[in-house]
Amino acid sequence: MHESDFNSLKDALLRGGVAPRHVRRTIAELRDHHTDLFAEAFARGCSVENAEREASMRLGDHDSLAAQILARPELRSWAHRWPWLVYCVTPTVVFIFVFAALLLLLGRSGAGHPDYSSYANRWGSPESLWSLPGAIRLFRVVGLPLLLAGGCCFLAGRRRTAPRWPIVGVILASIIGAAFQFDVCWPYGANAHGALCLRTNLFPPFIGITGTILHAAAISVATLGPYLWWRRGVTRALS
Amino acid sequence: MERNNPPFMSGVPELLLLRLLADDELYGYEIVRKVRGATGDAISLGEGVVYPVLHALEAAGALRSRRRLVNGRERVYYTATKKGRSRLASLSAHWRRINDGIHLALAEMIHA
């Protein structure tokens, strides 16, 4: 077996749903075994070509090795068994937790407190990007959706998952990331209190829905574009 | 190279590997050589096939592995766990029953 055969076997196993850690280890062990078989045949006096041929024959051909490994369901990854859980449920749950944590962080920093100037002195002017609320806003609007959508693509690429799952995951992560927002409402007037305002435009009357769609589309394109490009390159290299 | 009948061989690789690894710590290439030696070349596993069996047994808790650096090469050594030894005992009993049954059947067919 040549290096290209090992790479092709690795790809076939990943596409078949074998967990990446099993794939890495199996390929390393097969490569090592092949080296031992080659050394054994060479020490017996075989030529390099014959030793290579014998080693490959004894190790087994690409298709039979792939079939034997794929026949073991216990070696399959959880992402292959439950793709909807990985690409749909997990990003949603992570989003909810991070969103709640950011909201909590903003609340704990004292945002919305009547004393705006002392808050601005401590954490920076909330309207500026170089302040705690500004950084949180930027992370919520750009960072978090990109991380979730990019995470879907990374996992799918590493596991050679069928593209429909990362596409669904990215679109879902982009829509959730773009549609749920929070802001600090500062108090006006004496004795008034501010608030942390949570809003979404996923439901009627869909105020600002065009911006949300554009925002979600930008995140989807920014993550799915490089992923699909990379995937096409891998498929071409192996064919 | 002679190939064995895969359906009839079902369960045999597990049995042989557990038997070998019950009292030794070996890596893949050594395991295949020892299987050949121990069965007088009657059973020759497709050499690459041994790894999915090893990994599946490890995933089931019947084997444990550790990496060792030998002569500058990192090898994965396997050995049977307590769970693996008890699985070996039940597999061995199962195969002895099948073996006895086949012996009986063959003897009856010869005498009939």
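**Figure 1. Overall form of chain A in the predicted model.** Whereas a compact globule of 239 residues would have a radius of gyration near 18 Å, chain A has 26 Å. The model shown here and in the views that follow is a predicted one. The C-alpha trace of chain A spans about 95 × 40 × 30 Å along its principal axes, and 32% of the 239 residues of chain A count as buried. The secondary structure of chain A consists of 10 helices and 2 strands, which follow one another along the sequence in the pattern α-α-α-α-α-α-α-α-α-β-β-α. Among the contacts in chain A with a separation of 6 or more, 65% are between residues 24 or more positions apart.

**Figure 2. The side of chain A that touches chain B.** In this view, 18 residues of chain A are in contact with 16 residues of chain B. On the side of chain A that touches chain B, at least two residues each are supplied by α2 (20-43), α3 (48-59) and α4 (62-70) of chain A, and the largest share, 7 residues, comes from α2(A). Sorted by class, this side of chain A has 6 nonpolar, 6 polar and 6 charged residues.

**Figure 3. Packing of helix α6 against helix α8 in chain A.** Helix α6 (residues 83-108) and helix α8 (residues 132-159) of chain A pack with their axes 11 Å apart and at an angle of about 165 degrees, which means that α6(A) is roughly antiparallel to α8(A). The crossing of these two helices, α6(A) and α8(A), is right-handed. From α6(A), the residues that make the contact are A:V86, A:Y87, A:P91, A:V94, A:F95, A:V98, A:L102, A:L105 and A:L106, and from α8(A) they are A:P133, A:I136, A:F139, A:R140, A:L144, A:L148, A:C152 and A:L155. By class, the contact of α6(A) with α8(A) has 16 nonpolar residues, no polar residues and 1 charged residue.

**Figure 4. Packing of helix α6 against helix α9 in chain A.** The axes of α6(A) and α9(A) are 9 Å apart, and the two helices pack at an angle of about 15 degrees; α6(A) and α9(A) are therefore roughly parallel to each other. In passing α9(A), α6(A) makes a right-handed crossing. On the α6(A) side, A:P83, A:Y87, A:C88, A:P91, A:T92 and A:F95 meet A:W165, A:P166, A:V168, A:G169, A:L172, A:A173, A:I176 and A:G177 of α9(A). The residues of the contact of α6(A) with α9(A) divide into 11 nonpolar, 3 polar and no charged.

**Figure 5. Packing of helix α1 against helix α4 in chain A.** Helix α1 (residues 3-15) of chain A packs with α4(A) at an angle of about 30 degrees, with the axes of the two helices 10 Å apart, and α1(A) and α4(A) are therefore roughly parallel to each other. The crossing in which α1(A) passes α4(A) is right-handed. Here A:D5, A:S8, A:L9, A:A12 and A:L13 in α1(A) meet A:H62, A:L65, A:A66 and A:I69 in α4(A). By class, the contact of α1(A) with α4(A) has 6 nonpolar residues, 2 polar residues and 1 charged residue.

**Figure 6. Backbone details in two loops of chain A.** The peptide bond that joins A:P204 and A:P205 is cis, with omega about 10 degrees, and A:P205 is placed in the loop between β2 (195-200) and α10 (209-238) of chain A. In the loop between α8 and α9 (164-179) of chain A lies A:R160, a residue other than glycine whose phi has a positive value, near 50 degrees. A:R160 counts as buried because 22 C-beta neighbours lie inside 10 Å, where 20 or more are needed.

**Figure 7. Two exposed residues of chain B.** B:N71, which is placed in the loop between β1 (63-70) and β2 (73-80) of chain B, has a positive phi of about 50 degrees although it is not a glycine. With 5 C-beta neighbours inside 10 Å, B:N71 counts as exposed. B:L104, found in helix α4 (residues 82-111) of chain B, has 10 C-beta neighbours inside 10 Å and therefore also counts as exposed. From C-alpha to C-alpha, B:L104 and B:K83 are 32 Å apart in space, and they are 21 residues apart in sequence.

Note on methods
Residues are numbered from 1 along each chain as its sequence is written. Chains are lettered from A and ligands numbered from 1 in the order in which they are written. This is a predicted model: local features need pLDDT of at least 70, side-chain atom pairs count only at pLDDT 80 or more; totals for chains, interfaces and linings use all residues. Two residues are in contact if their C-beta atoms, placed from the backbone, lie within 7 Å. Helices (H or I, at least four residues) and strands (E, at least two) are DSSP runs, numbered from the N terminus. Ala, Val, Leu, Ile, Met, Phe, Trp, Tyr, Cys and Pro count as nonpolar, Asp, Glu, Lys and Arg as charged, and the others, Gly among them, as polar. The radius of gyration is taken over C-alpha atoms; the globule rule is 2.2 Å times the number of residues to the power 0.38. A residue is buried if 20 or more other C-beta atoms lie within 10 Å of its own, exposed if 12 or fewer, and partly exposed in between; C-beta atoms are placed from the backbone. Axes are lines fitted to C-alpha atoms, for helices over the stretch in contact, and angles run from 0 to 180 degrees between N-to-C directions. Angles under 35 degrees count as roughly parallel, over 145 as roughly antiparallel, 65 to 115 as roughly perpendicular and the rest as oblique. A crossing is left-handed if the near helix is turned anticlockwise from the far one by less than a right angle, and right-handed if clockwise.
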